[in-house]
Amino acid sequence: MTKNLYVSGCSHVQGHGFPDNSIGSRHSMFAWPAIIERDMDCNVINHSYAGNSIDMVIRDFLNYPEKNKLDAIIILFPYHHRFVIKDQNGIPENFWPDRIDSYKSHRRYHKALNYYLTWLQDDTTTENHFVSQIALVEFLAKKHKVPFWFGVTTDDDKELVEKHLGVKRVFDWCGWCQHYKYNLLPDQSHYDGKAHQNFSGKMKKWLLSQGFESRI
């Protein structure tokens, strides 16, 4: 029986920057989820996309109707300061506070920006939100008895999760890539095929320990 692997995250999972995904519009065949799918002959349900936030990660997972049919979950959670706001038409969209000047200059999201500037700029608010959302996915994975592996994107998020969830040695993607000196892609924001290949090997070992069968 084909195993079902659910993955999610941001551009680092989607494979933004590879030749087949230069503008972040599709899942790259060079990114680690695609490598795992080919090597382990499993079905990968990939909900990652460029610019993703933890809110959207949670929304997609909550809305996924067949959690009880999953054999494993791997999530590289996006940067903790990204979250969802509603635009002027009430449509949810990912918000990046580090680009707030751009939003202001285009006079977008006036009410939502005002709410952010009034209530959410305190780091404690976004940090607590981030950690609680990770804990929610962990709870749901246990509820459905699905093996769950997660990592984060930066050293700051690693320290945050280790502190508040009481776990040790949380994996952080950028720190790991920098430690092993993987090269950046031409966009200078994402890491190369060697990083994805080696990470897929790391994840394949974990998946095998959770009952996946490999064709290699």
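**Entry 1. Helix α2 and its cover.** I looked up what covers the buried residues of α2, and the cover includes β1 (4–8), α1 (11–14), β2 (43–46), β3 and α9 (193–209). I took contact as heavy atoms within 4.5 Å. The helix spans residues 32–40, and its buried residues are W32, P33, A34, I35, I36 and M40. Buried means under 20% relative accessible area, exposed over 50%, and partly exposed in between, with a 1.4 Å probe and protein chains only. Helices (H or I, at least four residues) and strands (E, at least two) are DSSP runs, numbered from the N terminus.

I note for all entries that the model is predicted: local features need pLDDT of at least 70, side-chain atom pairs count only at pLDDT 80 or more, and totals for chains, interfaces and linings use all residues. Residues are numbered from 1 along each chain as its sequence is written, and side-chain values use heavy atoms, with hydrogens and water left out.

**Entry 2. The sheet.** I found an open sheet of 4 strands in the order β2-β1-β3-β6, with parallel pairing. Its edge strands, β2 and β6 (148–151), each pair on one side only. Neighbouring strands of the sheet are turned by 15° against each other on average, direction ignored. Helix α2 packs on this sheet, where it touches β1, β2 and β3, and its direction makes about 160° with that of β2. Axes are lines fitted to C-alpha atoms, for helices over the stretch in contact, and angles run from 0 to 180 degrees between N-to-C directions. Between β1 and β3, I counted 4 bridges; Y6 has I73 of β3 as its bridge partner. Two strands pair if DSSP finds at least two bridges between them.

**Entry 3. Rings around Y6 and beyond.** I recorded 18 aromatic pairs in the structure. Rings of Phe, Tyr and Trp (its six-membered ring) pair if their centres lie within 6.5 Å; planes under 30 degrees apart count as stacked, over 60 as edge-to-face and the rest as tilted. Why is the pair of Y6 and F61 edge-to-face? The ring centres are 5.3 Å apart and the planes stand at 75°, so the pair falls in that class. Because Y6 lies in strand β1 and F61 in helix α3 (residues 54–63), the pair ties together parts that are 55 residues apart in sequence. Both Y6 and F61 are buried. I also noted a tilted pair, F171 and W176, at 5.5 Å centre to centre and 55° between the planes. F171 is buried at 10% relative accessibility, and W176 is buried at 13%. One aromatic cluster is formed by W32, W149, F171, W173, W176, Y180, Y182 and F199.

**Entry 4. H80.** Is H80 buried or exposed? H80 is buried, with a relative accessible area of 14%. I located H80 in the loop between β3 (72–76) and β4 (83–86). Its side chain makes a polar contact of 2.6 Å with that of D157. A polar contact is a pair of N or O atoms within 3.5 Å; within protein, one must be able to donate a hydrogen and the other to accept it, and residues adjacent in sequence count only if both atoms are side-chain atoms.

**Entry 5. Positive phi.** Most residues other than glycine have a negative phi. D41, in the loop between α2 and β2, has a positive phi of about 55° although it is not a glycine. D41 is partly exposed, at 47% relative accessible area.
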